[in-house]
Amino acid sequence: MIDYKDVGSQIRAAQLNRKMTQEKLADAVGVGVTHISHIETGNSIPSLQVFVDILNALDCSADQLLCLEAAQAEPQFNEWINNIFPTAPKKNES
C-alpha cells in the first residue's frame, strides 16, 4: 500500500533539494499552492497527471518519490503483485 504521507515527504525533500518554493512547484505543475501543501502532508492524493507533472517539475523519477529506499521496492512490489494475483506461487515455491 502506498503511504501518501511518505510520498509527500519525498516530494517536499526533492523540492527543497532543488531550492524550489511551493509557489514555483505549484506554478510548474499548474495547481494551487494549497494543493501542493496538501500533497506534501499526505492530506491529498495527487491525480496521475499531477504526479507526472510533479516528477517533471522536480526532474526526478517515480521510484525516487514512491520508495523511501531501494530495498523497500521489492517487498512493496511483491505485496502489490500478490494482491493482484493471490493464487500465484511465491518466489521459492515451485
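Helices are DSSP runs of H or I with at least four residues, numbered from the N terminus. The exercises below apply this term to a predicted model.

## Exercise 1. The overall composition

Task: State how many helices and strands the protein has, and what share of its residues counts as buried.

Solution. 

Step 1. The secondary structure comes to 6 helices and 0 strands. Read from the N terminus, the order of elements is α-α-α-α-α-α.

Step 2. The protein has 94 residues, and 24% of them count as buried. Its accessible surface comes to about 6500 Å², of which carbon and sulfur atoms hold 54%.

Step 3. Among contacts with a separation of 6 or more, 52% join residues 24 or more positions apart.

## Exercise 2. Gln 15

Task: Determine where Gln 15 lies, whether this residue is buried or exposed, and which residues it touches beyond four places in sequence.

Solution. 

Step 1. Gln 15 belongs to helix 1, which covers residues 4-17.

Step 2. The relative accessible area of Gln 15 is 1%. Buried means under 20%, so Gln 15 is buried.

Step 3. Leaving aside residues up to four places away in sequence, Gln 15 touches Met 20, Thr 21, Gln 22, Leu 25, Glu 40 and Leu 58. Two of these contacts, Leu 58 and Glu 40, return in the exercises that follow.

## Exercise 3. The largest nonpolar core

Task: Identify the residues that touch the most other members of the largest nonpolar core, and name the helix that gives the most to this core.

Solution. 

Step 1. The core has 16 residues, and those touching the most other members are Ile 11, Leu 25, Ile 54, Leu 58 and Leu 65.

Step 2. At least two residues of this core come from each of helix 1, helix 2 (22-29), helix 3 (33-40) and helix 4 (48-58). Helix 4 gives the most, with 5 residues.

Step 3. Beyond four places in sequence, Leu 58 touches Ile 11, Ala 14, Gln 15, Arg 18, Met 20 and Leu 25.

## Exercise 4. Helix 3 and its buried face

Task: Explain why the buried residues of helix 3 line one face of the helix, and state what covers them.

Solution. 

Step 1. The buried residues of helix 3 are Ile 36, Ile 39 and Glu 40.

Step 2. When the helix is viewed down its axis, these residues fall within an arc of 95°, and therefore they line one face of helix 3.

Step 3. The cover over these buried residues includes helix 1, helix 2 and helix 4.

Step 4. After helix 3 comes Gly 42, which has a positive phi, near 80°.

## Exercise 5. The salt bridge

Task: Find the partner of Glu 40 in its salt bridge, and classify Glu 40 and Arg 12 by accessibility.

Solution. 

Step 1. The structure holds 1 salt bridge. Glu 40 forms it with Arg 12, and the closest N and O atoms are 3.7 Å apart.

Step 2. The pair links distant parts of the chain, since Glu 40 is in helix 3 and Arg 12 in helix 1, 28 residues apart.

Step 3. Glu 40 has 8% relative accessibility and therefore counts as buried. Arg 12, at 32%, counts as partly exposed.

## Exercise 6. Positive phi in two loops

Task: Locate Lys 19 and Asp 59, and give the phi of Lys 19 and of Asp 59.

Solution. 

Step 1. Lys 19 is found in the loop between helix 1 and helix 2. Although Lys 19 is not a glycine, its phi is positive, about 55°.

Step 2. Asp 59 is placed in the loop between helix 4 and helix 5. Asp 59 is not a glycine either, yet its phi is positive at about 50°.

Step 3. Exposed means over 50% relative accessible area. Lys 19 has 73% and is therefore exposed; Asp 59 has 66% and is therefore exposed.

Definitions and conventions: Residues are numbered from 1 along each chain as its sequence is written. This is a predicted model: local features need pLDDT of at least 70, side-chain atom pairs count only at pLDDT 80 or more; totals for chains, interfaces and linings use all residues. Side-chain values use heavy atoms; hydrogens and water are left out. Buried means under 20% relative accessible area, exposed over 50%, partly exposed in between (1.4 Å probe, protein chains only). Contact means heavy atoms within 4.5 Å. A nonpolar core is a set of buried Ala, Val, Leu, Ile, Met, Phe, Trp, Tyr and Cys residues joined through side-chain atoms within 4.5 Å. The arc is that of the directions from the helix axis to the C-beta atoms. Accessible areas come from the Shrake-Rupley method with a 1.4 Å probe; for residues, only the protein chains shown count as cover. A salt bridge is a side-chain nitrogen of Lys or Arg within 4 Å of a carboxyl oxygen of Asp or Glu.
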